Amino acid sequence: MARAWHLRNRPDGTPTAADFELKDLELPPVSEGTVRVRNRWLSVDPYMRGRMNDTRSYVPSFQLGEPMEGAAIGEVVESKADGLATGDLVQHMAGWRDEAVVPARAVNKLPSLGVEPQKFLGVLGVPGATAWFGLLEVAAAKSTDIVFVSAAAGSVGSAVVQIARARGMTVIGSAGGADKCDYVRSLGADRVLDYKGGPILKSLAAAAPDGIDVYFDNVGGDHLDAALAVARNHARFAICGMIGGYNRNEPASFRFIMRVIAARIRVQGFLITDYLGRLGEFYAEMAPLVVSGAVASRETVYDGLEATPDAFLGLFEGANIGKMLVRL
(Lines give C-alpha, C1' and ligand atoms only; values in the text may rest on other atoms or scores of the structure.)
Protein backbone atom coordinates (compact mmCIF):
# COMPACT_ATOMS: atom_id res chain seq x y z
CA MET A 1 0.00 0.00 0.00
CA ALA A 2 1.14 3.54 -0.73
CA ARG A 3 2.18 5.84 2.09
CA ALA A 4 2.01 9.61 2.39
CA TRP A 5 2.95 12.28 4.89
CA HIS A 6 -0.02 14.15 6.36
CA LEU A 7 -0.14 17.44 8.24
CA ARG A 8 -1.09 16.66 11.84
CA ASN A 9 -0.88 20.16 13.38
CA ARG A 10 -0.52 23.75 12.24
CA PRO A 11 2.81 24.84 13.72
CA ASP A 12 3.29 27.98 15.77
CA GLY A 13 6.74 29.16 14.78
CA THR A 14 9.24 26.58 13.58
CA PRO A 15 7.63 23.22 12.69
CA THR A 16 8.65 20.07 14.52
CA ALA A 17 8.48 16.36 13.72
CA ALA A 18 5.27 16.16 15.74
CA ASP A 19 3.48 18.24 13.09
CA PHE A 20 3.76 15.42 10.54
CA GLU A 21 2.28 11.93 10.36
CA LEU A 22 3.14 9.13 7.90
CA LYS A 23 0.05 7.07 7.07
CA ASP A 24 -1.06 4.43 4.60
CA LEU A 25 -2.81 5.81 1.55
CA GLU A 26 -5.29 3.80 -0.46
CA LEU A 27 -4.95 4.71 -4.11
CA PRO A 28 -7.88 4.80 -6.53
CA PRO A 29 -7.79 2.49 -9.53
CA VAL A 30 -6.16 3.82 -12.68
CA SER A 31 -9.02 5.06 -14.84
CA GLU A 32 -9.16 6.56 -18.29
CA GLY A 33 -6.94 9.62 -18.53
CA THR A 34 -4.89 8.86 -15.41
CA VAL A 35 -1.54 7.28 -14.58
CA ARG A 36 -0.03 5.60 -11.53
CA VAL A 37 3.38 6.98 -10.70
CA ARG A 38 6.04 5.55 -8.39
CA ASN A 39 8.05 8.45 -7.07
CA ARG A 40 11.84 8.47 -7.28
CA TRP A 41 12.66 11.98 -6.06
CA LEU A 42 10.79 14.41 -3.80
CA SER A 43 11.39 18.12 -3.44
CA VAL A 44 11.03 20.04 -0.18
CA ASP A 45 10.97 23.82 -0.46
CA PRO A 46 10.67 26.82 1.86
CA TYR A 47 7.33 27.94 0.41
CA MET A 48 5.76 24.81 1.92
CA ARG A 49 6.06 26.42 5.35
CA GLY A 50 3.47 28.99 4.32
CA ARG A 51 1.11 26.23 3.22
CA MET A 52 1.13 24.89 6.77
CA ASN A 53 -0.70 28.03 7.95
CA ASP A 54 -4.44 28.45 7.66
CA THR A 55 -4.18 31.67 5.70
CA ARG A 56 -5.04 32.84 2.24
CA SER A 57 -2.04 32.96 -0.06
CA TYR A 58 -1.00 32.36 -3.66
CA VAL A 59 -1.18 28.59 -3.09
CA PRO A 60 -3.81 26.72 -1.03
CA SER A 61 -3.00 25.71 2.53
CA PHE A 62 -2.29 22.11 3.44
CA GLN A 63 -5.35 20.61 5.10
CA LEU A 64 -5.07 18.93 8.49
CA GLY A 65 -5.17 15.16 8.22
CA GLU A 66 -4.76 15.25 4.45
CA PRO A 67 -1.76 14.17 2.33
CA MET A 68 0.76 16.91 1.73
CA GLU A 69 1.88 17.92 -1.75
CA GLY A 70 5.04 19.00 -3.48
CA ALA A 71 7.06 18.61 -6.62
CA ALA A 72 8.24 15.10 -7.42
CA ILE A 73 9.85 13.06 -10.17
CA GLY A 74 8.41 9.60 -10.70
CA GLU A 75 8.16 6.68 -13.09
CA VAL A 76 4.89 5.75 -14.73
CA VAL A 77 4.08 2.18 -13.70
CA GLU A 78 0.55 2.02 -15.13
CA SER A 79 -1.10 4.24 -17.71
CA LYS A 80 -4.50 4.76 -19.27
CA ALA A 81 -3.54 8.05 -20.86
CA ASP A 82 -2.48 8.84 -24.40
CA GLY A 83 1.13 9.94 -24.70
CA LEU A 84 2.26 8.42 -21.42
CA ALA A 85 3.65 4.89 -21.27
CA THR A 86 5.00 2.60 -18.58
CA GLY A 87 8.58 3.59 -17.83
CA ASP A 88 8.19 7.27 -18.70
CA LEU A 89 9.69 9.70 -16.21
CA VAL A 90 7.36 12.51 -15.27
CA GLN A 91 7.22 15.53 -13.01
CA HIS A 92 4.12 16.24 -10.95
CA MET A 93 2.95 17.73 -7.63
CA ALA A 94 1.93 14.57 -5.76
CA GLY A 95 5.01 14.53 -3.59
CA TRP A 96 5.44 13.70 0.12
CA ARG A 97 4.42 10.11 -0.79
CA ASP A 98 5.84 7.09 -2.53
CA GLU A 99 3.08 6.45 -5.10
CA ALA A 100 0.19 8.40 -6.58
CA VAL A 101 -2.57 8.12 -9.15
CA VAL A 102 -2.84 11.44 -10.96
CA PRO A 103 -4.60 12.83 -14.03
CA ALA A 104 -2.44 12.89 -17.13
CA ARG A 105 -3.02 16.64 -17.43
CA ALA A 106 -1.26 17.09 -14.06
CA VAL A 107 2.03 15.47 -15.11
CA ASN A 108 4.77 16.60 -17.45
CA LYS A 109 6.93 14.07 -19.24
CA LEU A 110 10.57 14.96 -18.74
CA PRO A 111 12.21 16.31 -21.89
CA SER A 112 15.28 14.52 -23.21
CA LEU A 113 18.01 17.01 -22.34
CA GLY A 114 20.77 14.58 -21.38
CA VAL A 115 20.71 15.31 -17.64
CA GLU A 116 19.88 13.31 -14.51
CA PRO A 117 16.15 13.35 -13.72
CA GLN A 118 16.52 15.08 -10.33
CA LYS A 119 17.91 18.14 -12.11
CA PHE A 120 14.32 18.90 -13.09
CA LEU A 121 13.63 19.58 -9.41
CA GLY A 122 16.66 21.85 -9.17
CA VAL A 123 18.72 23.73 -11.70
CA LEU A 124 16.40 22.76 -14.59
CA GLY A 125 13.26 22.94 -12.50
CA VAL A 126 11.43 25.56 -10.49
CA PRO A 127 14.57 26.79 -8.64
CA GLY A 128 16.54 27.28 -11.84
CA ALA A 129 13.65 28.90 -13.66
CA THR A 130 12.99 31.14 -10.66
CA ALA A 131 16.61 32.28 -10.77
CA TRP A 132 16.52 32.82 -14.53
CA PHE A 133 13.34 34.85 -14.79
CA GLY A 134 13.83 36.63 -11.47
CA LEU A 135 17.28 37.88 -12.42
CA LEU A 136 16.84 38.55 -16.12
CA GLU A 137 13.18 39.57 -16.32
CA VAL A 138 12.08 40.90 -12.92
CA ALA A 139 15.37 42.60 -12.06
CA ALA A 140 16.23 43.23 -15.73
CA ALA A 141 19.88 42.59 -14.85
CA LYS A 142 22.50 43.47 -17.46
CA SER A 143 26.20 42.78 -17.88
CA THR A 144 27.39 46.02 -16.26
CA ASP A 145 25.40 45.45 -13.05
CA ILE A 146 26.69 44.67 -9.58
CA VAL A 147 24.37 41.94 -8.27
CA PHE A 148 23.89 40.95 -4.63
CA VAL A 149 22.37 37.51 -3.99
CA SER A 150 21.29 36.28 -0.55
CA ALA A 151 21.24 32.56 0.31
CA ALA A 152 23.72 32.16 -2.53
CA ALA A 153 24.51 28.54 -1.59
CA GLY A 154 20.87 27.48 -1.91
CA SER A 155 19.15 26.03 -4.94
CA VAL A 156 17.86 29.34 -6.29
CA GLY A 157 20.72 31.52 -5.12
CA SER A 158 23.45 29.28 -6.55
CA ALA A 159 21.71 29.37 -9.93
CA VAL A 160 21.45 33.17 -9.77
CA VAL A 161 25.19 33.44 -9.08
CA GLN A 162 26.06 31.36 -12.13
CA ILE A 163 23.57 32.93 -14.51
CA ALA A 164 24.82 36.37 -13.50
CA ARG A 165 28.44 35.36 -14.04
CA ALA A 166 27.59 33.79 -17.41
CA ARG A 167 26.08 37.15 -18.43
CA GLY A 168 29.19 39.07 -17.33
CA MET A 169 27.82 40.63 -14.15
CA THR A 170 29.77 41.31 -10.96
CA VAL A 171 28.33 39.04 -8.26
CA ILE A 172 28.33 39.33 -4.48
CA GLY A 173 26.83 36.36 -2.65
CA SER A 174 26.02 35.78 1.00
CA ALA A 175 26.04 32.40 2.72
CA GLY A 176 26.38 31.02 6.23
CA GLY A 177 29.62 29.34 7.25
CA ALA A 178 32.95 28.53 5.64
CA ASP A 179 31.80 25.50 3.63
CA LYS A 180 28.92 27.33 2.01
CA CYS A 181 31.05 30.38 1.32
CA ASP A 182 33.66 28.19 -0.36
CA TYR A 183 30.93 26.66 -2.50
CA VAL A 184 29.69 30.07 -3.61
CA ARG A 185 33.25 31.08 -4.51
CA SER A 186 33.59 27.91 -6.57
CA LEU A 187 30.55 29.03 -8.59
CA GLY A 188 32.36 32.17 -9.65
CA ALA A 189 31.10 34.84 -7.25
CA ASP A 190 33.44 37.83 -7.17
CA ARG A 191 32.95 38.38 -3.45
CA VAL A 192 31.35 36.21 -0.79
CA LEU A 193 29.98 37.37 2.56
CA ASP A 194 29.64 35.06 5.57
CA TYR A 195 26.59 36.42 7.34
CA LYS A 196 27.49 34.38 10.42
CA GLY A 197 30.75 36.31 10.72
CA GLY A 198 29.25 39.69 11.53
CA PRO A 199 26.61 42.27 10.54
CA ILE A 200 25.67 41.82 6.91
CA LEU A 201 25.34 45.56 6.32
CA LYS A 202 28.96 46.19 7.31
CA SER A 203 30.17 43.33 5.10
CA LEU A 204 28.09 44.40 2.11
CA ALA A 205 29.14 48.02 2.37
CA ALA A 206 32.78 46.93 2.34
CA ALA A 207 32.26 44.51 -0.57
CA ALA A 208 30.32 47.05 -2.66
CA PRO A 209 31.73 50.50 -1.82
CA ASP A 210 30.07 51.94 -4.93
CA GLY A 211 26.73 50.25 -4.18
CA ILE A 212 24.67 47.56 -5.93
CA ASP A 213 22.41 47.66 -8.96
CA VAL A 214 20.44 44.46 -8.37
CA TYR A 215 19.40 42.55 -5.28
CA PHE A 216 17.99 39.03 -5.58
CA ASP A 217 16.29 38.41 -2.24
CA ASN A 218 15.82 34.93 -0.81
CA VAL A 219 16.12 35.90 2.84
CA GLY A 220 14.52 39.23 3.76
CA GLY A 221 15.31 40.67 7.18
CA ASP A 222 18.77 42.14 7.69
CA HIS A 223 19.84 41.18 4.15
CA LEU A 224 17.03 43.23 2.62
CA ASP A 225 17.82 46.11 4.95
CA ALA A 226 21.48 45.99 3.93
CA ALA A 227 20.63 45.92 0.23
CA LEU A 228 18.35 48.94 0.64
CA ALA A 229 21.09 50.79 2.49
CA VAL A 230 23.73 50.37 -0.25
CA ALA A 231 21.54 50.39 -3.38
CA ARG A 232 22.47 52.72 -6.20
CA ASN A 233 19.95 55.01 -7.82
CA HIS A 234 17.41 53.05 -9.88
CA ALA A 235 18.43 49.70 -8.39
CA ARG A 236 16.08 46.78 -9.04
CA PHE A 237 15.13 44.27 -6.34
CA ALA A 238 13.64 40.87 -7.24
CA ILE A 239 11.89 39.58 -4.13
CA CYS A 240 11.81 35.81 -4.44
CA GLY A 241 11.48 34.65 -0.83
CA MET A 242 12.04 35.68 2.77
CA ILE A 243 12.96 32.46 4.52
CA GLY A 244 14.34 34.40 7.46
CA GLY A 245 10.81 35.38 8.43
CA TYR A 246 8.79 32.27 7.60
CA ASN A 247 8.75 30.99 11.17
CA ARG A 248 8.34 34.39 12.85
CA ASN A 249 5.18 36.17 13.84
CA GLU A 250 6.60 39.70 14.07
CA PRO A 251 6.81 41.89 10.94
CA ALA A 252 10.06 42.75 9.20
CA SER A 253 11.80 45.94 10.31
CA PHE A 254 12.55 47.60 6.95
CA ARG A 255 15.01 49.98 8.63
CA PHE A 256 16.05 51.58 5.35
CA ILE A 257 12.77 51.46 3.44
CA MET A 258 12.80 55.24 2.93
CA ARG A 259 15.69 54.79 0.50
CA VAL A 260 13.18 53.38 -1.98
CA ILE A 261 12.10 56.98 -2.56
CA ALA A 262 15.46 58.76 -2.58
CA ALA A 263 17.21 56.16 -4.74
CA ARG A 264 14.11 55.41 -6.86
CA ILE A 265 14.52 51.70 -6.15
CA ARG A 266 12.14 49.31 -7.88
CA VAL A 267 11.10 46.47 -5.57
CA GLN A 268 9.08 43.69 -7.21
CA GLY A 269 7.88 40.39 -5.85
CA PHE A 270 7.26 37.56 -8.26
CA LEU A 271 6.13 33.94 -8.54
CA ILE A 272 7.50 31.38 -10.95
CA THR A 273 3.91 30.62 -11.97
CA ASP A 274 4.01 33.96 -13.79
CA TYR A 275 6.48 32.40 -16.24
CA LEU A 276 5.31 28.80 -16.67
CA GLY A 277 4.29 29.52 -20.24
CA ARG A 278 7.92 30.32 -21.04
CA LEU A 279 9.61 27.17 -19.73
CA GLY A 280 10.49 26.12 -23.26
CA GLU A 281 12.53 29.30 -23.60
CA PHE A 282 14.20 28.59 -20.24
CA TYR A 283 15.11 25.00 -21.25
CA ALA A 284 16.53 26.18 -24.57
CA GLU A 285 18.86 28.67 -22.86
CA MET A 286 19.67 26.93 -19.59
CA ALA A 287 20.04 23.28 -20.63
CA PRO A 288 23.16 23.86 -22.77
CA LEU A 289 24.78 25.67 -19.84
CA VAL A 290 24.03 22.73 -17.54
CA VAL A 291 25.09 20.04 -20.00
CA SER A 292 28.36 21.86 -20.77
CA GLY A 293 29.13 22.37 -17.09
CA ALA A 294 29.02 26.16 -17.37
CA VAL A 295 26.24 26.06 -14.76
CA ALA A 296 26.84 23.47 -12.08
CA SER A 297 24.45 22.19 -9.46
CA ARG A 298 24.72 20.50 -6.13
CA GLU A 299 22.18 18.55 -4.12
CA THR A 300 21.76 17.71 -0.46
CA VAL A 301 20.01 14.33 -0.43
CA TYR A 302 18.08 12.57 2.34
CA ASP A 303 17.21 8.93 1.69
CA GLY A 304 13.82 7.33 2.21
CA LEU A 305 10.26 8.57 2.49
CA GLU A 306 10.60 8.54 6.29
CA ALA A 307 13.25 11.27 6.05
CA THR A 308 11.05 13.81 4.25
CA PRO A 309 10.14 15.93 7.30
CA ASP A 310 13.78 15.95 8.41
CA ALA A 311 14.80 17.24 4.99
CA PHE A 312 12.13 19.92 5.11
CA LEU A 313 13.05 21.08 8.61
CA GLY A 314 16.69 21.13 7.56
CA LEU A 315 15.91 23.98 5.18
CA PHE A 316 15.36 26.28 8.16
CA GLU A 317 18.54 25.16 9.88
CA GLY A 318 20.81 25.78 6.91
CA ALA A 319 21.38 22.05 6.42
CA ASN A 320 21.45 22.18 2.63
CA ILE A 321 23.97 23.25 0.05
CA GLY A 322 22.17 23.53 -3.26
CA LYS A 323 18.85 21.77 -3.74
CA MET A 324 17.34 19.79 -0.88
CA LEU A 325 15.96 16.48 -2.14
CA VAL A 326 14.59 13.19 -0.86
CA ARG A 327 15.55 10.06 -2.78
CA LEU A 328 13.14 7.10 -2.69
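Which residue forms a salt bridge with Glu-285? The partner is Arg-167, and the closest N and O atoms of the two are 3.9 Å apart, where a salt bridge is a side-chain nitrogen of Lys or Arg within 4 Å of a carboxyl oxygen of Asp or Glu. The model is a predicted one, in which local features need pLDDT of at least 70 and side-chain atom pairs count only at pLDDT 80 or more, while totals for chains, interfaces and linings use all residues. Residues are numbered from 1 along each chain as its sequence is written, and side-chain values use heavy atoms, with hydrogens and water left out.

**Salt bridges**

Side chains of opposite charge can pair when their charged atoms come close. A search of the whole structure finds 20 salt bridges, and three of these pairs are set out in the table.

| Pair | N to O distance |
|---|---|
| Glu-306 and Arg-3 | 2.9 Å |
| Arg-8 and Glu-21 | 3.7 Å |
| Arg-167 and Glu-285 | 3.9 Å |

Helices (H or I, at least four residues) and strands (E, at least two) are DSSP runs, numbered from the N terminus. Arg-167 has 37% relative accessibility and therefore counts as partly exposed, on a scale where buried means under 20% relative accessible area, exposed over 50%, and partly exposed in between (1.4 Å probe, protein chains only). Glu-285, with a relative accessible area of 38%, is also partly exposed.

The side chains of Glu-306 and Arg-3 meet in a salt bridge, and this pair again links distant parts of the chain, with Glu-306 in the loop between β14 (299–303) and α9 (308–314) and Arg-3 in strand β1 (residues 2–7), 303 residues apart. Glu-306 is partly exposed at 46% relative accessibility, and Arg-3 is partly exposed with a relative accessible area of 26%.

A salt bridge also joins the side chains of Arg-8 and Glu-21. Arg-8 lies in the loop between β1 and β2 (20–25) and Glu-21 in strand β2, so the pair ties together parts that are 13 residues apart in sequence. Elsewhere, Arg-36, Arg-38, Glu-78 and Glu-99 are linked in a network of salt bridges.

**Two packed helices**

Helix α2 (residues 126–138) and helix α8 (residues 279–292) pack at an angle of about 100 degrees, with their axes 11 Å apart; axes are lines fitted to C-alpha atoms, for helices over the stretch in contact, and angles run from 0 to 180 degrees between N-to-C directions. Because of this angle, α2 is roughly perpendicular to α8, a term used for angles of 65 to 115 degrees. The contact (heavy atoms within 4.5 Å) involves Gly-128, Ala-129, Trp-132 and Phe-133 of α2, and the residues of α8 that take part include Glu-285.

**Backbone angles**

Most residues other than glycine have a negative phi. Trp-96, which is not a glycine, has a positive phi of about 60 degrees; Trp-96 lies in the loop between β5 (89–92) and β6 (99–103) and, at 1% relative accessibility, counts as buried. His-234 has a positive phi near 65 degrees, is placed in strand β12 (residues 231–239), and counts as partly exposed at 46% relative accessibility.

Methods:
Angles under 35 degrees count as roughly parallel, over 145 as roughly antiparallel, 65 to 115 as roughly perpendicular and the rest as oblique.
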